[in-house]
Amino acid sequence: MFSKSSSRAGLTFSLKLSVMYALFFVVASGGLFVVAYYLIGNLVEQREREIVKDRILEYQAWYEEGGIRALKARFDEQANPEGDIFFVRIVGPLNQVLFVKFPPGSERLDPRRLGTIQPGKKDFWLSLEGPAEKGAWTVGMAPLPGGITLQVGKSSARSREFLSYFRTVFIIFMIPIFLLGVIGGGMVAFRAIKPIRNLIETVKDILKTGEMSLRVPVRRERGEMDELVGLFNRMLDKNDLLILAMHNSLDNVAHDLRTPMTRLRSVAEFALQDPENREACQEALADCMEESERVLTMLNTLMDVAEAETGAMRLEKISLSVSDVIRDVVDLYEIVAEEQNTRVVVNLPETLTIHADRTRLQQVLANLLDNALKYGGLGGTVKIDAREAGPDIVISVSDEGMGIAENEVPRIWERLYRGDLSRSKRGLGLGLSFVKAIVEAHGGTVHVESRLKEGSTFIVKLPRSEEKP
């Protein structure tokens, strides 16, 4: 069903693009024809009037030489019965016809229509339409001395035939223009929606095979469709990361839940063996609560690490004072430090600011300080420094404790990994993996410098906040 509907949708979209392109092509061609026809028509009409005006000036000169007789004589002398296209009409002050001469083929011209023209008007133009295109005349009128009016007309048959031929040619060419528009539209549509077709095929293959590693082929062109394909591939990449992180988290949870769940079961079974012993039952319930809290903490931390590593964690970044955040964390662990007789020394410039999520940054520092106090030994010193280093803010947490073996340094960032020397301390093995994930989610880096039995220094680099003008 999905395949058929997708093919139908793609075909319909292609057909729509082709038809729209063809219509646009035809409408654009029609618009150009209308503009060209209008301009050519005006040019022909202007040319016709110029020719008539030249004849009027010529006839006016003849009339001034010898009146109507001279005009008639010169007109008869130059008349061409076969190719003459002009008529002459002279009207008196009382609209009486003093002279008229029509060329052959002017039978369609009704003289009574000329009689409606009022004498004495200047620069008057009239277009007389006959029953056919050959009966069209361009008539000009000019005054003569004595209140006489000269009317000169020219046949517009040839001009009308030219315009008619122009219209016919356009109509004939409209068919190949439309076909060209359809073909061109089809080619454009086929090329334009090729990324969509590739996307549809990829989705169908993923649904059919379940193989999430498939990707849509990317073209070298840059456009909205290609951007959509790129975003779709990025979405698939992120989904792959999320699925991989879920699988890893589930594997780790399945492996590491066995011990606390077994302990919970053992404690519960021990309490059930002697239900009359109230103190034993209460102690078993307390142990169960502690183990369940441990499991819940582990699950939440694993989910946070997975979200941060895949970029799905939402960070509420604001401008923060580095010294304020660090002091808050130090105050939180003040009692722990006193119990271990450990001195916490801070070196914090007051002007350092950073663009980060306050809660997450506090969790990073709390994990590092907790590790320093836990593995630093009794009566030691923990140092926390913050400084500016170019575009970064560098925060370091140092202790004087057991240190980390050189072969274990690369593995301490792995989830649920615990070194040989740290197994004597209570913990989940998630603290450093959580720190690394949160720091990298902020666009920073974290590394450790450590020597066995001499202590460790964890160094966090985070982008410095930009001061707004």
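Student: What is the relative accessible area of Glu50, and does that make Glu50 buried, exposed or partly exposed?

Tutor: Glu50 has a relative accessible area of 36% and is therefore partly exposed, where buried means under 20%, exposed means over 50% and partly exposed covers what is in between, computed with a 1.4 Å probe and protein chains only. Please keep in mind that this is a predicted model, in which local features need pLDDT of at least 70 and side-chain atom pairs count only at pLDDT 80 or more, while totals for chains, interfaces and linings use all residues. Residues are numbered from 1 along each chain as its sequence is written, and side-chain values use heavy atoms, with hydrogens and water left out.

The side chain of Glu50 meets that of Arg47 in a salt bridge, with 3.7 Å from N to O; the term stands for a side-chain nitrogen of Lys or Arg within 4 Å of a carboxyl oxygen of Asp or Glu. Arg47 and Glu50 are three residues apart in helix α1, so about one helical turn separates them. Helices here are DSSP runs of H or I with at least four residues, strands are runs of E with at least two, and both are numbered from the N terminus. In general, side chains of opposite charge can pair when their charged atoms come close.

Glu388 is partly exposed, with a relative accessible area of 47%, and Arg464 is partly exposed at 33%.

Helix α1, where Glu50 sits, runs over residues 2-78 and, like α3 (157-192), supplies at least two residues of a nonpolar patch. That surface patch, of about 630 Å², is made by Leu15, Val19, Leu23, Ile175, Phe178, Leu179 and Val182; patches consist of residues with over 30% relative accessible area and no salt bridge, with like charges joined within 9 Å and nonpolar side chains (Val, Leu, Ile, Met, Phe, Trp, Tyr) within 5 Å. Helix α3 gives the most to this patch, with four residues, and Phe178, which has its place in α3, is partly exposed at 39%.

As for the chain as a whole, it has eleven helices and twelve strands, and buried residues make up 37% of its 469 residues. Its accessible surface comes to about 28900 Å², of which 57% belongs to carbon and sulfur atoms, with areas taken from the Shrake-Rupley method using a 1.4 Å probe, and with only the protein chains shown counting as cover for residues.
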